[in-house]
Amino acid sequence: MSKMKLLIKNGHIINEDESFQADILCEGGKITQISKHIDQQLIDCDFIDARGKYLLPGGIDPHVHFHLPTKAGFSSDDFLSGSKAALFSGTTSIIDFVTPKKGQKLPDALKERLIEAKSCRCNYSFHISPIEWRDSLKEEISYCINKGYRTFKVYMAYKDSIGLDDSSLKKVMKVVAAEGGTITVHCEMGDEIEALRNKFISENKTSVEYHPLSRPNDTESRAVKKALELAKEASCPIYIVHVSTKESLRYIKQAKKLGQEVYAETCPQYLLLNDTKYIGDFYDTAKYVMSPPLRKEDDNLALWEALGDGTIDTMGTDHCPFSQSQKNNGHNDFRKIPNGAGGVEHRLKLLYTYGVLTSKITINQFVALTSTNAARIFGMLPDKGIIKVGADADITIWNPEANSTISGKNHFSRCDLEIYEGYTVKGNADFTILGGELKKSP
Ligand code: URP
Ligand code: ZN
């Protein structure tokens, strides 16, 4: 039984701007004391010895799709399985999406999504997607902001379903800016991609290798350029999701330099995997179908550099796995393969192993990229993203010595596919503290 008070002793606290050894006392879901030595004898509390461990602000994954409806069925993880996968691997907060049906008002879609998310075991919030322009959108956005949902996700791809044309994009950005929100954008030139996809199919080029060829680098980077220009014109803060190409980074870097309020996210798959994964048998390649697609090694390298120099602000996952049987829908037509792959449980391990341990980023940058920056951008600081007195007691107890190999046979996700199969990783969350309560994998 929890005593409601938890003392974490001897750990090494890592924030974005400092690292030091101290004890932490958690009470009533908050951090109430941080000090070189807190005497356990004086307090009636549960106790963890974190000697040799890092104490990180609980991870925040700003981009997941749990229980996402698609033509191939729902994504493999619902809010229960997805949040457990997050929690047991050091992520205490996720941000998912509210995607209304055509004609559905944003507040109604939000209410429905809140019911679906009731089984979520970690902290959660939503980005809300206006998928069409209508005059009532201003009031709808204002309602969402008043309820605490301040980010609005628009898609430049998927024009036949949820994507917006340029004129609607402009109007949405103006309204979001006027209401004090932030726009988040999936940047891909939807019409050009659709034309390329259809052209390949008409030429009987139906296999997985045509997925990346129908979404070349510049269909992302030109969309990034356009989104930045539109956001600037509308004076709207902009957050660009899953940046995957070196050319996009140049536009983002330039915009930041000129003082535009722009934030960028990438995901582990764009750092660690490349488009050679699309060559081969359908059953070996379909699991890598996601949008944007995996790119080339020089894109991987540019993204690593951008993590180090601050061009990229956050590490999301775009966790959106589908099973092999769902991927099979596109066996004879790559357009019908549901887009997406999992990763919520691997984000910290992968970035720690391939970023911190290779000295591409520091341990403090690791914390900024996996927690603090998302907390800052999405209005959760100072409650989350930081270990300090008064903050929420969301803490990851990180074992830097743990060794493991990623496999679909033992991952937490319900999906039978694993894009990081066989990756060896060092470092793992021994425990996660969520609102002062200890969470450990079964
Ligand atoms: O392929 C992806 N990324 N699937 C999830 C939906 C999206 O586009 O973010
Ligand atoms: Zn996504």
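Which residue is the bridge partner of Ile 240 in β12?

## Basis of the model

This is a predicted model, in which local features need pLDDT of at least 70 and side-chain atom pairs count only at pLDDT 80 or more, while totals for chains, interfaces and linings use all residues. Residues are numbered from 1 along each chain as its sequence is written, chains are lettered from A and ligands numbered from 1 in the order in which they are written, and side-chain values use heavy atoms, with hydrogens and water left out.

The bridge partner of Ile 240 in β12 is Ala 264. Helices (H or I, at least four residues) and strands (E, at least two) are DSSP runs numbered from the N terminus, and two strands pair if DSSP finds at least two bridges between them. Strand β11, residues 238–240, pairs with β12 in the parallel sense, and 3 bridges connect them.

Strand β12 spans residues 262–266 and is mostly covered, with 4 of its 5 residues buried; buried stands for under 20% relative accessible area, exposed for over 50%, and partly exposed for what lies in between, with a 1.4 Å probe and protein chains only. Strand β12 is also joined by 2 bridges to strand β13 (residues 314–315), and these two run parallel. Here Glu 265 has Thr 314 in β13 as its bridge partner.

Strand β7 (residues 91–98) is joined to strand β8 (residues 123–128) by 6 bridges, and the two run parallel. Ile 94 stands opposite Tyr 124 in β8, and the bridge partner of Asp 96 in β8 is Phe 126. From β7 the chain crosses through helix α2, residues 106–116, to reach β8, and this β-α-β crossover is right-handed.

Strand β6, residues 59–61, runs parallel to β7 and is joined to it by 3 bridges, with Thr 91 in β7 as the bridge partner of Gly 59. Together with helix α1 (residues 79–87), β6 and β7 make a right-handed β-α-β unit. As for cover, 8 of the 8 residues of β7 are buried. In a regular strand the side chains alternate between the two faces of the sheet.

Which atoms of the protein lie at what distance from the nitrogen and oxygen atoms of ligand 1? An N or O atom in the side chain of Asp 318 is 2.6 Å from a nitrogen atom of ligand 1, a polar side-chain atom of Tyr 158 lies 2.7 Å from an oxygen atom of the ligand, and a backbone N or O atom of Asn 339 is 3.0 Å from a nitrogen atom of ligand 1. On its own, ligand 1 has 260 Å² of accessible area, of which the protein covers 95%, as computed by the Shrake-Rupley method with a 1.4 Å probe.

## Buried helix and loop positions

Helix α13 (residues 347–356) is mostly covered, since 9 of its 10 residues are buried, including Arg 347, Lys 349, Tyr 352 and Val 356. Leu 369 belongs to helix α14, residues 363–377, and is buried because its relative accessible area is 3%. Leu 369 and Lys 101 lie 268 residues apart in sequence, and their C-alpha atoms are 33 Å apart in space.

Pro 293 is placed in the loop between α10 (282–285) and α11 (297–309), and counts as buried because its relative accessibility is 0%. The C-alpha atoms of Pro 293 and Arg 215 are separated by 7.1 Å, although the two residues are 78 residues apart along the chain. Ser 413, in the loop between β14 (395–405) and β15 (424–434), counts as buried because its relative accessibility is 9%, and its side chain reaches the backbone nitrogen of Cys 415 at 3.1 Å.

Methods. Polar contact = N/O pair within 3.5 Å; in protein donor to acceptor, adjacent residues only side chain to side chain. Right-handed = clockwise from strand over helix to strand, strands pointing away.
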